[in-house]
Amino acid sequence: MSTTDPSPPPDVRDWEAVQSSPEFQDLRHRLRSFIFPVTGLFLGWYLLYVLCATYAPAFMSAKLWGNITVGLVFGLLQFVSTFAITWWYMRFTARRFDPLSEQLREELEGGERK
Amino acid sequence: MTLAAGVEGSNPALNIGIFLVFVIITLVIVVRVSKRATSGASDFYTAGGGFTGPQNGIAISGDYLSAASFLGIAGAIALYGYDGFLYSIGFLVAWLVALLLVAELLRNTGRFTMGDVLAFRMRQRPVRAAAATSTLAVSFFYLLAQMAGAGGLVALLLDVTSKAGQSLVIAVVGVVMIAYVLIGGMRGTTWVQIIKAVLLIVGAAVMTIWVLALYGFNLSALLGDAVAKGGEAGAKLLGPGAQYGKSALTKLDFISLALALVLGTAGLPHILMRFYTVPTAKEARRSVQWAIGLIGLFYLFTLVLGYGAGALVGPAAINAAPGKANSAAPLLAYALGGTVLLGLIAAVAFATILAVVAGLTITASASFAHDIYANVIKRGEVDGKNEEVKVARITAVVIGIVAILGGILANGQNIAFLVALAFAVAASANLPTILYSLFWKRFNTSGALWSIYGGLSITVLLIVFSPVVSGKKDANGNLTASMIQGVDFHLFPLDNPGIVSIPLSFLLGYLGTVLAKEKADPARYAEMEVRALTGVGSAKASVH
């Protein structure tokens, strides 16, 4: 069936009961204890980079080998960390989040299907 | 070489020819895919949520990599070296905010617009009106920047130097864009973005490998040559500070810009809307994964292209060309592959403007039709599903015309400033409100209104009273470097408002919430959170 108007099913569910269930609290805890610290981590790492580029230009311009400077390597490490965190998050969701989230969804939707 | 002749070696007829081929091919595709469409709002706004994660990820790259990031960043690296590279890092790291905090939860709690999510557990009409106001403001600034950029590109690549001729080309770009949106809706627009992203990334990859091959794949040798070509200023190209290191104030300004870049992306309405074009939160996550990969790769290419332009073309030739920094990438294309490669890159640059503008127009029209018309004016009771789409189509035409007129008027203005303004509003008005809505139980209607309207007005006021608009002095001490020349009413010392406006908006959202008499509805928050994390009851794809 084409759901061009995917309005929710008649709202008879007790959402607060679902929210306070141990399964959901576990799911919520898993997600938050990953995304909040990791967000702090990459924002801090980025800010450190921006502050170095702004206030420590001599350090950033120092040459490591040939014409490759500290700043260039530091900048490229921001690319590496962004790719790595993306990979880490994909692995986290596949292993720790999706199975539980899908199980909860099936339980919740099971009740309203015929 | 004369200044009036556009980029040296450019063959305008060839450039226009290649661009026309792109327009014709994409129009045929848009017409073809639109035959699969149904007439509902879901199809027009979000292609029925029928795209896959990878498809959407490519389209997001197409939506995000504007002409400013292609021509602008390559040019900034060619002229200022390292400082240009700093931009691209902010633009990339920003995607982690979207990946971790926004994309999936937004996909699960909304259908068409940012307003859907922000109004989920609030009083509908005021919050939707606020969300639409901010969406329209951000989209308008961004749209204006793209259209104004088109004028400069025309002078650069098609050798049209008269204002009337440039206005005509801006109008043609606008009309083609309106055609894409009206015929294809989100489905057609998405395909235009996918095709453009592939062309842009492949084009940049070919040029990157070409440049590296000339230096035996030795990056250090390439950098050395760029420094040698840069003359006296060359030594500064490899470290930061050439552009922003002048004084304590310019340093603070740079930090302010860096904040807006990293926090603005996840609040750009046309990016948020793309998360609704996939069927599930999992696909939204894969979209961002693909987007991060492609956007990161592209910015690595621009690093090589920028230094490559510095080494092979040289800052003197770039500064002498019309469009200065913006001509670095086209000049490099000519230096490498002659007239034909230049023509291809020119066409890709135009395709870029077209695709980004189409995405912005559909977002703004969806927000007006869905949030303002259907929910604020009609209070959620539209007669039949097609009425809302009709309003959206009319809005798209109006926005298209406004974009054409605005682009003609803003032709020649500082476009980087308009893009920075769009990012600052997105980071100040939108992101705090989205994060509070998703993660803070007590957040309520009043808090949402404070952070949206507060963030929007603080950002705009700080810009109006910044040196960008008035009071900036040029090298001779004359008041000519600002938008409005010869007067000085600036009160705020920084060009970029982010460092003040972003924390203030978070604070306003907090104060608005705790000072309100009306409390948040815990049941609605419970529903929102359960839906956000499990995807229960979220829209499924309408494509069978």
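I began with Phe140(B), which is partly exposed at a relative accessible area of 35%. I am working from a predicted model.

Next I checked its partner in a ring pair. The ring centres of Phe140(B) and Phe141(B) lie 6.3 Å apart. Their planes meet at 55°, so I logged the pair as tilted. Phe141(B) has 15% relative accessibility, so I put it down as buried; the cut-off for buried is under 20%.

I then counted aromatic pairs.

Are Phe36(A) and Phe439(B) buried or partly exposed? I looked up each. Phe36(A) is partly exposed, at 35% relative accessibility. Phe439(B) is buried, with a relative accessible area of 13%.

I also traced a cluster in chain B. Ring pairs link Tyr64(B), Tyr87(B), Phe91(B), Trp95(B), Tyr142(B), Phe298(B), Tyr299(B) and Phe423(B).

Last, I turned to Asp26(A). I found Asp26(A) in helix 2 of chain A, which covers residues 22–55. Asp26(A) counts as partly exposed, at 29% relative accessibility. Which separation did I get for the C-alpha atoms of Asp26(A) and Phe97(A)? They are 9.8 Å apart. Along the chain, 71 residues separate Asp26(A) and Phe97(A).

Conventions
Residues numbered from 1 in each chain as written. Chains lettered and ligands numbered in written order. Predicted model: local features only at pLDDT ≥ 70, side-chain atom pairs only at ≥ 80, totals over all residues. Heavy atoms only, no water. Helix = DSSP H or I, 4+ residues; strand = E, 2+ residues; numbered from the N terminus. Buried < 20%, exposed > 50% of the residue type's maximum accessible area, 1.4 Å probe, protein only. Phe/Tyr/Trp six-rings, centres within 6.5 Å; stacked < 30°, edge-to-face > 60°.
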